[in-house]
Amino acid sequence: MIVLGIETSTKIGSVALADKGKILVAADLSGVMNHSEKLLPAIEKIMASRKIGFPDISRIAVSTGPGSFTGLRIGLTVARTLAQMLRKKVVGIPTLDCLAAMVPACEGLICPLISAIQGQVYYALYQCSAGQRPKKITDYRLASIKELEQDLKNRRQKVIFTGEALGSIQASLLQIFPDKSSFTAPEVWRPTAAWVSLLGSWYQPQPWAKVVPYYIRPSEAELRWKER
């Protein structure tokens, strides 16, 4: 089963192909936040490199957020359009699920973090056991660092933090949780299409029309419109 993976929730997007739980090929989109111009050519390039045609694709996996509002819309538009044309189903992969899955084998809690507005973060908590995929044990949340601290302070397990938000808040988290926190390497802070495509073979596919972006919060445009 060949899965096309599309990841555009972050500044640097990526595409990948997976088959039977193995990555066939993966590539980052050149340039930063240039998804609208680079996404389709990148898909065509990786498919040509493996001599795979669009009819060979079994399903399309795409990141659904939270993340960049514009990036998510571009990725989902391409995924839904291809699925409609090819009569394929789509698998929506939450960005936080992808980040949790990328954490190396561990025991304890995984807390992926994505930066949001006004110093807040998107996060969810996952239970991790050796030899098993992380299991989400909370809903997806938007919170301040103080609210995150409140959520974690009564949990007795070790917490492994990951995600691009660590670039700005890792020092603060180390002060708050000096004894029970650890951090992944920066190499796995960004979700990748490679992992989106792998998860796409495990998650349940849906008709293309049912796969929509998951923002958690309204966009800036929506907030300004409500204020007016």
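Author: The chain carries 29 positive and 18 negative side chains, and the centres of these two sets are 6 Å apart. Here Lys and Arg are counted as positive and Asp and Glu as negative, while His and the chain ends are left out of the count. Each charge is placed at NZ of Lys, CZ of Arg, CG of Asp or CD of Glu.

The model is a predicted one, in which local features need pLDDT of at least 70 and side-chain atom pairs count only at pLDDT 80 or more, whereas totals for chains, interfaces and linings use all residues. Residues are numbered from 1 along each chain as its sequence is written, and side-chain values use heavy atoms, with hydrogens and water left out.

Side chains of opposite charge can pair when their charged atoms come close. The structure holds five salt bridges, a salt bridge being a side-chain nitrogen of Lys or Arg within 4 Å of a carboxyl oxygen of Asp or Glu. One of them joins R190 and D28, with 3.2 Å from N to O. This pair links distant parts of the chain, for its two residues are 162 residues apart: R190 belongs to the loop between strand 12 (181-183) and helix 6 (193-200), and D28 to strand 3 (residues 22-28). Helices (H or I, at least four residues) and strands (E, at least two) are DSSP runs numbered from the N terminus. R190 has a relative accessibility of 25% and therefore counts as partly exposed; D28, at 47%, also counts as partly exposed. Buried means under 20% relative accessible area, exposed means over 50%, and partly exposed lies in between (1.4 Å probe, protein chains only).

Two further pairs may be read together. R141 and D139 meet in a salt bridge of 2.5 Å, N to O, and R155 and D151 meet in one of 3.1 Å, N to O. Salt bridges that share partners join D139, R141, D151 and R155 into one network.

Apart from neighbours within four places in sequence, D97 is in contact with Y126, K136, Y140, L199 and Y203, where contact means heavy atoms within 4.5 Å.

Helix 3 also holds A101, which counts as buried because its relative accessibility is 14%. Not counting residues up to four places away in sequence, A101 touches P134, W195 and L199. The C-alpha atoms of A101 and W195 are separated by 7.7 Å, although these residues are 94 residues apart along the chain.

R87, another positive residue, lies in the loop between helix 2 and strand 5 (89-94). R87 is exposed, with a relative accessible area of 80%. Its phi is near 60°, a positive value in a residue other than glycine. Q118 also has a positive phi, of about 55°, although it is not a glycine. Q118 is placed in the loop between strand 6 (108-115) and strand 7 (121-123), and it counts as exposed at 74% relative accessibility. One further backbone feature is the cis peptide bond from G65 to P66, with omega near 5°; P66 is found in the loop between strand 4 (59-65) and helix 2 (69-86).

The setting of these residues is a chain with seven helices and 12 strands. Its radius of gyration is 18 Å, close to the 17 Å that the globule rule gives for 228 residues, so the chain is as compact as a globular protein of that length. The radius is taken over C-alpha atoms, and the rule is 2.2 Å times the number of residues to the power 0.38. Of the 228 residues, 48% count as buried. Residues 24 or more positions apart account for 64% of the contacts with a separation of 6 or more.
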